[in-house]
Amino acid sequence: MSRAGLAAERSALAWRRTAVASMITGALFLNHAVTNGWRLALIAPIGAAVAMAALAGLSYLRNRSLREGRHSRGGWVVASATATVVAVAVLAFVIEFTDPLP
């Protein structure tokens, strides 16, 4: 396999790991929402879980495109993933400091 083929394979695997990690993170946000009761303040963790599910889907699609040999530039995918992760990190920060202790 050529160097370009190996680089594409490594990138595809990285996108697969991103998809798995975002699904796990989304599940943790949903767990937080369920264990703390369904109050109005739980819109943030549910929104974060939905954003992570969208990131998982986007990462899966990018993984598939790389594995199928479509090595087009994925700048918008990287930018979308970065924006999603930053937004969810900000939400996690807000949740941590505004969620009342049980």
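Predicted model: local features only at pLDDT ≥ 70, side-chain atom pairs only at ≥ 80, totals over all residues.
Let me begin with the charged pairs. How many salt bridges does the structure hold? There are two, and I would like to take them one after the other.

In one of them, the side chains of Glu 9 and Arg 67 come together, with a distance of 2.9 Å from N to O. This pair ties together distant parts of the chain, since Glu 9 belongs to helix H1, which covers residues 3–35, while Arg 67 belongs to helix H2, which covers residues 43–67, and the two partners stand 58 residues apart. Glu 9 has a relative accessibility of 28% and therefore counts as partly exposed, and Arg 67, at 44%, is likewise classed as partly exposed.

The other salt bridge joins Arg 64 to Glu 68, and here the closest N and O atoms are 3.1 Å apart.

Now to the asparagine, Asn 63, which lies in helix H2. Is Asn 63 buried or exposed? Its relative accessibility is 2%, and because buried means under 20%, Asn 63 counts as buried. And which residues does Asn 63 touch, once we set aside its neighbours within four places in sequence? The contacts are Ala 12, Leu 13, Trp 15 and Arg 16.

Note on methods:
Residues numbered from 1 in each chain as written. Heavy atoms only, no water. Salt bridge = Lys/Arg side-chain N within 4 Å of Asp/Glu carboxyl O. Helix = DSSP H or I, 4+ residues; strand = E, 2+ residues; numbered from the N terminus. Buried < 20%, exposed > 50% of the residue type's maximum accessible area, 1.4 Å probe, protein only. Contact = heavy atoms within 4.5 Å.
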